[in-house]
Amino acid sequence: MNRALPLLIPLLCGLTSSGNGQTPGAIALKNEIQQSINKGIAFLSAKQNEEGGFWVTPDEPALSALALSALSGDPSRERGAEESAPISKGFDYLLKNVKPDGGIYGKARANYNTSISLTALVQRGRRQDEQVILNARKFVVGSQIDSGDKGKTDGVFDGGIGYGEPKPGAPANADLSNMTFALEALYYSKQMFADTGMPVEKKDDLNWDAAIQFVERCQNLPNSNDQPWAGDDKKNLGAFVYTPANNPGEGKKKDGRVAMRYYGSISYAGMLSFIYAGLSPEDPRVKAAIQWLGENYTLDENPGMGAEGLFYYYHTMAKALSTADVTTLKTKTGSVDWRAPLSRKLISLQGADGSWRNAASGRWMESDPVLVTAYTVLALEQVHRSIK
């Protein structure tokens with residue numbers, strides 16, 4: 001096993017203590033969560049393509065990597081336990097997608113696929129994958145946008161990371177969702193190499209200051225965001241948008257659709273990006289995000305988007321709050337320990353076959369039960385780990 005495992009298992013995999021010292025209520029909740037996770041994992045295992053080892057499609061390794069992270073993060077797995085057949089086959093498939101440039105992708109969305117696949121490989125923690133992980137890190141780092149003068153964040157997308165290479169002739173662009181997946185992969189892989197005694201050299205690392213500025217440019221906070229629209233909407237201070245180029249004040253587009261505005265899932269992604277970049281929960285930028293998320297707390301919709309992206313919202317909520325060690329949100333009706341309500345909401349939505357799917361909206365592939373089940377199992381694993 002990899003030397004990084006003692007550090008990374010508690011952080012990434014959701015493995016927890018035996019429950020000693022926990023209240024009966026906490027133990028009962030963890031048992032409920034584990035039963036739901038078991039059903040979700042059984043569903044995911046059954047939906048793997050047995051011959052190819054992938055989930056959903058062979059062209060998008062990220063979808064398989066999310067399923068692998070869910071299976072690998074099962075809290076009931078013992079440390080050092082032998083991999084199940086689905087996990088082993090899945091990682092074999094993932095490694096077949098490693099490209100000469102270090103990326104891990106199929107036909108498109110190179111950064112998205114590489115980032116999520118990299119996180120899964122770090123979570124696996126095998127010594128023999130270290131070179132693949134290092135090369136994938138370099139690929140993601142090399143995808144950071146620096147469109148103007150070298151080293152200066154003089155372009156609105158500078159410091160950010162997007163899906164991958166743009167179409168010929170099109171300018172590079174970045175978004176906060178891809179940025180969060182990239183920062184997650186770089187954060188954990190950097191910790192892995194530090195733990196092995198081979199820290200990542202500065203020349204091979206991300207420009208973290210530029211990354212932070214890109215995230216700032218997605219947040220409605222005039223003290224830290226240099227974009228002209230920052231602070232215009234006083235009711236949504238601290239919230240985030242998908243990309244700084246999507247001015248939240250634009251209103252409806254010509255085709256009648258509402259332009260991207262401040263919304264819940266991307267605000268959790270922004271908060272999480274700040275945490276991965278080294279900001280503490282006491283930082284004013286993080287505190288402003290937590291305040292907005294608390295004031296807009298709900299489990300009935302993705303605030304600002306309704307049913308669209310609902311399970312990605314649940315996923316980022318659990319990941320952001322547990323990673324920042326925030327157990328209580330101050331809502332409009334009082335303080336809420338979000339963990340039990342979120343867990344029971346997700347358990348109530350689980351299908352008889354162990355899956356989850358967004359029945360109200362298929363946007364962002366949320367009609368696909370494999371993707372949504374992976375999101376939800378990962379969310380439940382985060383909650384399980386956070387109950388100490």
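Visitor: Let us start with charge. How many salt bridges does the structure hold?

Guide: The general idea comes before the count. Side chains of opposite charge can pair when their charged atoms come close. This predicted model holds 16 salt bridges.

Visitor: What is the partner of Glu 60, and how far apart are the closest N and O atoms?

Guide: Glu 60 pairs with Arg 109, and the closest N and O atoms are 2.3 Å apart. The pair links distant parts of the chain, 49 residues apart. Glu 60 sits in the loop between α2 (24-46) and α3 (61-72). Arg 109 sits in the loop between α4 (85-96) and α5 (110-124).

Visitor: Is Glu 60 buried or exposed? And how does Arg 109 count?

Guide: Read the relative accessible area. Glu 60 has 11%, so Glu 60 is buried, the cut-off being under 20%. Arg 109 has 38% and counts as partly exposed.

Visitor: Which helices hold Glu 184 and Lys 319?

Guide: Take the bridge itself, then the helices. Glu 184 forms a salt bridge with Lys 319, with 3.0 Å between the closest N and O atoms. Glu 184 lies in helix α7 (residues 176-195) and Lys 319 in helix α11 (residues 310-323), so the bridge ties together parts 135 residues apart in sequence. Both Glu 184 and Lys 319 are buried.

Visitor: Which residue does Arg 285 bridge to?

Guide: Arg 285 bridges to Glu 216, the closest N and O atoms being 2.6 Å apart. Arg 285 is in helix α10 (residues 284-295) and Glu 216 in helix α8 (residues 208-216), 69 residues apart. Both Arg 285 and Glu 216 are buried.

Visitor: Which residues do salt bridges with shared partners join into one network?

Guide: The network joins Glu 83, Arg 124, Arg 126 and Asp 129.

Visitor: Now helices. At what angle do α2 and α13 pack?

Guide: Read the angle together with the axis distance. α2 and helix α13 (residues 369-386) pack at about 155 degrees, with their axes 10 Å apart. An angle over 145 degrees counts as roughly antiparallel, so α2 and α13 are roughly antiparallel to each other. α2 passes α13 in a left-handed crossing.

Visitor: Which residues of α2 and α13 meet?

Guide: On the α2 side they include Ile 33, Ile 37, Ile 41 and Leu 44. On the α13 side they include Val 370, Val 377, Leu 380 and Val 383. By class, the residues of this contact of α2 with α13 divide into 11 nonpolar, five polar and two charged.

Visitor: Are α3 and α5 roughly parallel or roughly antiparallel?

Guide: Apply the angle again. α3 and α5 pack at about 25 degrees, with their axes 8 Å apart. Angles under 35 degrees count as roughly parallel, so α3 and α5 are roughly parallel. The crossing of α3 past α5 is left-handed. Among the α3 residues that meet α5 are Ala 62, Leu 66 and Ser 69. Among their α5 counterparts are Tyr 112, Ile 116 and Ala 120. The contact of α3 with α5 has eight nonpolar, five polar and no charged residues.

Visitor: On to loops. Where is the place of Tyr 297, and which residues does Tyr 297 touch?

Guide: Tyr 297 is in the loop between α10 and α11. Not counting residues up to four places away in sequence, Tyr 297 touches Met 317, Leu 329, Thr 331, Val 336, Trp 338 and Pro 341.

Visitor: Where is the place of Val 98?

Guide: Val 98 is in the loop between α4 and α5. At 29% relative accessibility, Val 98 counts as partly exposed. Val 98 touches Gly 103, Ile 104 and Val 132, not counting residues up to four places away in sequence. The C-alpha atoms of Val 98 and Ala 136 are separated by 8.4 Å, and the two are 38 residues apart along the chain.

Visitor: Last, the backbone. What is phi of Trp 364, and what is phi of Met 365?

Guide: Most residues other than glycine have a negative phi. Phi of Trp 364 is positive, near 60 degrees. Met 365 also has a positive phi, about 65 degrees, although Met 365 is not a glycine.

Visitor: Where are Trp 364 and Met 365 found?

Guide: Trp 364 is in the loop between α12 (339-348) and α13. Met 365 is in the loop between α12 and α13. Trp 364 is partly exposed at 37% relative accessible area. Met 365 is partly exposed at 39%.

How values were computed
Residues numbered from 1 in each chain as written. Predicted model: local features only at pLDDT ≥ 70, side-chain atom pairs only at ≥ 80, totals over all residues. Heavy atoms only, no water. Salt bridge = Lys/Arg side-chain N within 4 Å of Asp/Glu carboxyl O. Helix = DSSP H or I, 4+ residues; strand = E, 2+ residues; numbered from the N terminus. Buried < 20%, exposed > 50% of the residue type's maximum accessible area, 1.4 Å probe, protein only. Axes fitted to C-alpha atoms, helices over the stretch in contact; angles between N-to-C directions. Parallel < 35°, antiparallel > 145°, perpendicular 65-115°, else oblique. Left-handed = near helix turned anticlockwise from the far one by under 90°. Contact = heavy atoms within 4.5 Å. Nonpolar A, V, L, I, M, F, W, Y, C, P; charged D, E, K, R; others polar.
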